[in-house]
Amino acid sequence: MGGPGVIDGTEHPETDNFLPCQLVIDGITYLSSENYFQCTKTTNELDREMILNSGPGDACQLAGQTVGLRSDWKSIKSDDMYKGNLAKFQQSEDLRKLLVEPGTRSVHFTESTPFCNPNPLSPNNSPRSHRKIAKSLGTPCRNHWNDIIVQIIRAELCQNGDEDARLAAEICETMKKYAQENK
């Protein structure tokens with residue numbers, strides 16, 4: 001779902017997946033990171049074009065709900081969300097500066113889809129490393145896709161030493177494990 005992330009009690013519009021911005025991935029121009037994400041779930045060119053042309057926000061999300069999903073969607077969707085958001089921040093200096101400026105504070109999206117069900121970052125059903133990630137993100141037991149994706153991108157773009165590298169590696173490992181479990 002759309003909506004800005006909250007960093008240190010302040011909404012940051014640059015984190016909204018529905019934010020209109022152009023990003024280019026594999027030679028195709030998308031209208032937002034959500035537009036890219038919704039396009040990647042399709043099984044045919046006609047559906048992809050329909051979503052691509054639907055706009056950056058609510059309309060593309062609604063269009064994405066009308067198409068058949070690729071058979072591997074559940075296992076690749078976190079990677080596609082990451083790829084779209086990374087492109088957004090890498091291709092816009094202004095958006096990148098806004099994201100990294102707050103430093104290492106946690107990000108929380110109030111309207112985000114849960115990471116998975118059951119939540120792999122929940123202390124009740126996750127390995128110790130997942131609890132550490134949840135604690136470092138500041139939202140144990142309630143982590144969401146967007147929180148995790150933006151946190152890893154921020155760590156990769158900030159490159160503030162070992163702590164950012166460790167956090168990025170741990171989140172990547174969690175995402176890989178989720179993808180493997182959902183093949």
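Here is a walk through the structure shown above, from the whole chain down to a few single residues.

This is a predicted model, in which local features need pLDDT of at least 70, side-chain atom pairs count only at pLDDT 80 or more, and totals for chains, interfaces and linings use all residues. Residues are numbered from 1 along each chain as its sequence is written, and side-chain values use heavy atoms, with hydrogens and water left out.

Let us begin with confidence. The score pLDDT is the predictor's confidence in each residue, from 0 to 100. For the protein chain the mean pLDDT is 79, and 78% of its residues reach 70 or more. Over residues 115–143, however, the pLDDT is below 50, although this stretch has 53 contacts in the model beyond near neighbours in sequence; a contact means heavy atoms within 4.5 Å. Where pLDDT is low, the predicted coordinates should not be read in detail.

Now for the overall layout. The protein chain has 8 helices and 5 strands. Here helices (H or I, at least four residues) and strands (E, at least two) are DSSP runs, numbered from the N terminus. Of the 183 residues in the protein chain, 52% are buried. Buried means under 20% relative accessible area, exposed over 50%, and partly exposed in between (1.4 Å probe, protein chains only). Among contacts with a separation of 6 or more, 63% link residues 24 or more positions apart.

Next, find the open sheet of 3 strands, which has the order 2-1-5 and antiparallel pairing. Strand 2 (10–12) and strand 5 stand at the edges with a single partner strand each, so one side of each has no neighbour in the sheet. Two strands pair if DSSP finds at least two bridges between them, and 2 bridges join strand 1 (residues 5–7) to strand 5. In this pairing, I7 stands opposite V107.

Not counting residues up to four places away in sequence, V107 touches G5, V6, I7, D147, V150, Q151 and R154. V107 and I148 are 41 residues apart in sequence, while their C-alpha atoms are 8.0 Å apart in space.

What about the loop between strand 3 (23–25) and strand 4 (28–30)? D26 lies there. Its phi is near 55°, a positive value in a residue other than glycine. Most residues other than glycine have a negative phi. D26 is exposed, with a relative accessible area of 68%.

E34 sits in helix 1 (residues 33–40) and counts as buried at 5% relative accessibility. Leaving out residues up to four places away in sequence, E34 touches N17, F18, P56, C60 and Q61. R96 belongs to helix 5 (residues 93–100). A polar atom of the R96 side chain lies 2.9 Å from the backbone oxygen of F89.

Finally, helix 8 (residues 162–181) has 20 residues and reaches 28 Å from its first C-alpha to its last, close to the 28 Å expected at 1.5 Å a residue. That expected span is 1.5 Å times one less than the number of residues. The buried residues of helix 8 include L167, I171, T174 and Y178. An α-helix has 3.6 residues a turn, so residues three or four places apart point the same way.

Note on methods:
A polar contact is a pair of N or O atoms within 3.5 Å; within protein, one must be able to donate a hydrogen and the other to accept it, and residues adjacent in sequence count only if both atoms are side-chain atoms.
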